[in-house]
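Here is a friendly briefing to read with the model open beside you.

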Amino acid sequence: MVAFSFTLSVVFSYSSSVALENADLLVALLILLFFIAIGIAFDILGVAATSSEEKTFHSMASRRVPGAKEAIWLLKNAEKVASLCNDVVGDICGVISGATGATISVQLISQLGTNGVLTPLVVTGLTASLTIGGKAMGKTLAVNQGTKVVFFAARVLHFFKKLLGRGA
């Protein structure tokens, strides 16, 4: 898990750096929102995987519903899925969001002449509140609609398995 975390962190960080290199303020804000959204989405999946039950998906799998087998796999591996989604992806997105927020602060200070002390505080506060608020609302969704969340993720996995020729 450490090697995977390192690799994913490097890929996310590099992608973010390249995208931010010559980006204007609006693009930088969109990149920040993208990483916050990814962190929230994976947090939702991690919680849904631990709060959903397999029963529904066994019935679907017996009827060969696309994604049902993947949903069962996600739920049978809920601890690993939650660790990967919440800890690995969520934490990496948090770090990248912080770095992106710092870049935005520098842009605001240099381009708009905003306050050098207040600007980073506001950007950090907004980043943190969007992340925390989004994850809080997402946890409610994950607990109340966990089966739908897991099935959606399972359908995405199924699609990519088919796309890569790894069975249906």
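The sulfur of Cys-85 has its closest cysteine sulfur in Cys-93, 11 Å away, which is too far for a bond. This is a predicted model, in which local features need pLDDT of at least 70 and side-chain atom pairs count only at pLDDT 80 or more, while totals for chains, interfaces and linings use all residues. Residues are numbered from 1 along each chain as its sequence is written, and side-chain values use heavy atoms, with hydrogens and water left out.

**Cysteines**

- A disulfide here is a pair of cysteine sulfur atoms within 2.5 Å, and by this rule the count comes to 0 disulfides.
- (Buried means under 20% relative accessible area, exposed over 50%, and partly exposed in between, using a 1.4 Å probe and protein chains only.)

**Two buried residues in helices**

- Ile-92 sits in helix α5, residues 78-112. Helices are DSSP runs of H or I with at least four residues, and strands are runs of E with at least two, numbered from the N terminus.
- With a relative accessible area of 8%, Ile-92 is buried.
- Which residues does Ile-92 touch, not counting those up to four places away in sequence? They are Ser-5, Leu-8, Ser-9, Phe-12 and Asp-87, where contact means heavy atoms within 4.5 Å.
- Ile-92 and Val-10 are 82 residues apart along the chain, and their C-alpha atoms are separated by 9.4 Å.
- Ser-16 belongs to helix α1, residues 2-20, and is buried, with a relative accessible area of 5%.
- Setting aside neighbours within four places in sequence, Ser-16 is in contact with Ile-31, Phe-35, Ile-96 and Thr-100.

**How the helices pack**

- Helix α3 (residues 55-62) and helix α4 (residues 68-76) have axes that come within 8 Å and cross at roughly 150°. Axes are lines fitted to C-alpha atoms, for helices over the stretch in contact, and angles run from 0 to 180 degrees between N-to-C directions.
- α3 and α4 are therefore roughly antiparallel to each other. (Angles under 35 degrees count as roughly parallel, over 145 as roughly antiparallel, 65 to 115 as roughly perpendicular and the rest as oblique.)
- The α3 and α4 crossing is left-handed, meaning that the near helix is turned anticlockwise from the far one by less than a right angle; clockwise would be right-handed.
- From α3, the contact uses Phe-57, His-58, Met-60 and Ala-61, and from α4 it uses Ala-68, Ala-71, Ile-72 and Leu-75.
- By class, the residues of this α3 with α4 contact are 7 nonpolar, 1 polar and no charged. Ala, Val, Leu, Ile, Met, Phe, Trp, Tyr, Cys and Pro count as nonpolar, Asp, Glu, Lys and Arg as charged, and the others, Gly among them, as polar.
- The axes of helix α2 (residues 25-51) and α5 come within 8 Å and cross at roughly 165°, so α2 and α5 are roughly antiparallel to each other.
- α2 also passes α5 in a left-handed crossing, and their contact has 22 nonpolar, 9 polar and 1 charged residues.

**A loop residue with positive phi**

- Arg-64 lies in the loop between α3 and α4 and counts as exposed, at 71% relative accessibility.
- Although not a glycine, Arg-64 has a positive phi of about 60°. Most residues other than glycine have a negative phi.
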